[in-house]
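I wanted to go through this structure element by element and write down what I looked up. These are my notes.

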Amino acid sequence: IVVSGGNESVIEFKTIRYKNILSTGNAFTEISLNDQRTTLIVGENGAGKSTVLDALSFALYGKPFRRINKPQLMNSINQKDLLVELDFRIGRDEYSIRRGVKPNIFEVYKNDNLLNQDGANRDYQTHLEQNILKLNFKSFGQIVVLGSSTFVPFMQLPAAHRREIIEDLLDIQIFTKMNVLLKERITQNKTDLQDIKYQIDLTTDRIASANKHNDSILKMKRADAEKTQSRIQELTEDNNVLLEEVKEMEIAIGDLKKSIGDEKAVNKKYMELVRLDKNLRSKIKEIAKELQFYKDHDDCPICKQGIAHDHKANIVSEKIIKQDDIEKGLEKMETEIELVETRKTEIGEVHNRINQHGFDMSAKNATYASNQRNVLSLQAELADTQKQAESIDNSTIEALHTELEGFNNDHRDLTIDRETMGVVANLLKDGGIKTQIIRQYVPIINKLINKYLAEMDFFVQFELDEQFNETIRSRFRDEFSYESFSEGEKMRIDLALLFTWRAVSKLRNSVSTNLLIMDEVFDGSLDANGTEEFMKILTDITGDSNVFVISHKTDQLIDKFENTLRFEKVKNFSRIAA
C-alpha cells in the first residue's frame, strides 16, 4: 500500500457565510472556521446554534445535515435569497462555493475562477465531491460531525454503508471508476483486435502471393518456419511438463481416496447409530407412557378390577430400571455418533482437497488443450509458408513484411492488453484489490480504535473484521454488543471511531480536514467530571484541528474554550450576539 505524502489533499475550511436559511435573516452570519482551536457555540433552543451545521452541509452537498426538507430550509418570513458561501483551501488552491435557493445558485470557484458548469447540477455536484473534496456525504457525517440528533453513528450503519465509508476513507472508490473505464477499453480492444486481425490476414495473403515468384522469400519463409518450429517445441515441452503435473495430481487424488476408504462403512455406521438412537428414544417414550398409566390408574380400565399395589410397584420399578438402562445407552450412543460425525467431517475435508485437485487438473488440461490447438495452428501455418514461393519485387516484399511485423506487434500488444485487462478486471472486483487493501488496513484501524478507547479510560478490546462487523470484549474476555453499553460508553466508542477515521484519512491523505463539529455531545451523556476529562482528551487527541462544540451547557464549558459564539433570536431572526 502506498501512503500519500505532504498536505496536498488536506481540506482547510476557512470561512462560512449564510443568510435566509432556517431562522437566519437577510443579513449574513459569518463564522471563521480556522482561527481558533476550540470554539463553543451556545444559545437557547431555536436560537440557531445548529444552523451552521446545516449551512455547511448545504454548501457542500446541496442538502441540510439534519432531517429537514429542503423547502423548509428557506427562511419562512423572507421566503427568498437563501445563500451560503463557503471558503476553503486544498494544498495551494483556494476554493469558494456559492449555493442558493430563490434564485437557485450553484457555483464553484478555484483561485477566483469559476469552474465550468456541466449541464446537470448532479454532474457538477459529482465533480465537486469526487474530484475536489474527495469526501461524500456519508463520510462527511462520520469524519467531520459527531453527536447531532440526526447523526447515525458508524456502529448503527448496515454493513454495506460501513464499507462505503471505509472505501471512501481509504480513497479506493477510484477502483470503481477504473472498472467502468476498463470495460470501455475492453470493448475497444476487442474491436481493435478484429481490425488488426483483418489487416494481418490481408497482408499475409499479399506476401503469400509474392512468395510464389521469388526465391528470396523462400529463405525468409524458412526463417519464419524455424521460429514457428521453435514455438511448437516450446509448446510441446510445456505440455510435457503439464502432463507430469497432472500425473502427480492423479497420484495425490488416489492417495486421498485411499485415506477415506472407510467412507461407506462410516456412513453405514452413522445411519445405524441414528436409527438405534431413534429407536431408543421411542422406547423411552413408551416406558414413560406406561409409567404415567400406572401413576394415573389404580384400576384396570378394561376389566375395572383393582391393580394390586405390590404388582404395580414391581412393574413401575422394572420400567424405571429399564428406562435408566436405555438412557445410559443413549449417552453412549451420542458419544459414538459424535465420533462418527467427526470422521464424516474429516472425510468431507478430504473430498474438498480431492475436488481442488480436480479443479487444478481441469485448468492444466485446458492449458494443455490450448497448447495443442496452438501447435496444430502453428503447424498449419508452417505448412502454408513452405508452399508459398511466387517471386515479387524485393522492395515490395520488404515493405509488406515490415507492415506485417507492425500488425503482428500491434496484435501481440493488443493480446497482451486483453490478457492484462482480464487480470485487472479480476483485481477490480469487490473481492479483489479493494479487499486486499482493506485487509491490510483493518489491523491499523483496530489498533487506533483501541488506542483512543484506552486514552478515554475505556478498557475494552474492540475489533472490526473485514466485513466491518464488530466484536467487543472486556479484559476478562466477556463479549458485549454495542447496544449493551450505556450512552456515555457508546459516545466514547463513537468518538474513538471518529478519531480513528480522521487518523486513517490523514494517513491516507485522502479526506483529511481541519474541521471537527460536535453537536450537543456534552448535553446528554457526560457529567461535570466527565466533561472535564473529555475536554482534556479532546485537546490531546485533536491536535491542530479546529473543533466546534454546540452545547446547552454554557456554565460548565465556557471557560474551557478559546472562543465562544453565542446565538440569540431577535425579532424572530437568529444572529450572533455581540
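**Entry 1: ground rules.** I am working with a predicted model, in which local features need pLDDT of at least 70 and side-chain atom pairs count only at pLDDT 80 or more, while totals for chains, interfaces and linings use all residues. I number residues from 1 along each chain as its sequence is written, and side-chain values use heavy atoms, with hydrogens and water left out.

**Entry 2: overall counts.** I looked up the secondary structure and found 14 helices and 15 strands. Helices (H or I, at least four residues) and strands (E, at least two) are DSSP runs, numbered from the N terminus. Of the 578 residues in the protein, 39% are buried. Buried means under 20% relative accessible area, exposed over 50%, and partly exposed in between, with a 1.4 Å probe and protein chains only. I then asked what share of the contacts with a separation of 6 or more joins residues 24 or more positions apart. That share is 71%, contact meaning heavy atoms within 4.5 Å.

**Entry 3: the six-stranded sheet.** I traced an open sheet in the order β2-β1-β4-β5-β6-β7, with antiparallel pairing. Two strands pair if DSSP finds at least two bridges between them. At the edges I found β2 (29-32) and β7 (113-114), each pairing on one side only.

I followed β5 (residues 93-101) into β6 (residues 105-110), and six bridges hold this antiparallel pair. Y95 is opposite K110, and S96 has Y109 as its bridge partner. Three residues lie between the strands of this hairpin, and K102 takes a positive phi near 50° there.

β6 goes on to pair with β7, again in the antiparallel sense, over two bridges. Here Y109 is the bridge partner of L114 in β7. The hairpin of β6 and β7 has two residues between the strands, and N111 takes a positive phi near 50° in it.

**Entry 4: the three-stranded sheet.** This open sheet runs β9-β10-β11, with antiparallel pairing. β9 (460-464) and β11 (479-480) are the edge strands, each with a single partner strand, so one side of each is left without a neighbour in the sheet. I noted five bridges between β9 and β10 (residues 470-474). F462 stands opposite I472 in this pair.

**Entry 5: nonpolar cores.** I took a nonpolar core as a set of buried Ala, Val, Leu, Ile, Met, Phe, Trp, Tyr and Cys residues joined through side-chain atoms within 4.5 Å. The largest has 95 residues, and I16, F88 and I493 touch the most other members. Leaving aside its neighbours within four places in sequence, I493 contacts M155, L453, F458, F462, I472, Y482 and F485. Apart from this core lies another of 20 residues, including I287, I337, I347 and I354.

**Entry 6: a loop residue.** I found P158 in the loop between β8 (145-146) and α4 (159-169). At 45% relative accessibility, P158 counts as partly exposed. P158 and N469 are 311 residues apart in sequence but 9.3 Å apart in space, C-alpha to C-alpha.

**Entry 7: cavities and pocket.** On a 1 Å grid over the protein atoms alone, a cavity is a set of points where a 1.4 Å probe fits but cannot get out, and a pocket is an open set with protein on both sides within 12 Å along at least five of seven lines; lining residues have an atom within 4 Å of a point. Grid points are joined across faces, edges and corners, and a volume is the space filled by probe spheres set on the points.

I found two cavities of 30 Å³ or more. The largest cavity has a volume of about 50 Å³ and is lined by I31, L33, I41, V52, L56, I517 and F548.

The largest pocket has a volume of about 1300 Å³. Its lining has 29 residues, with I200, T228, L378, E381 and N408 nearest the centre. α9 gives the largest share of that lining, 10 residues.
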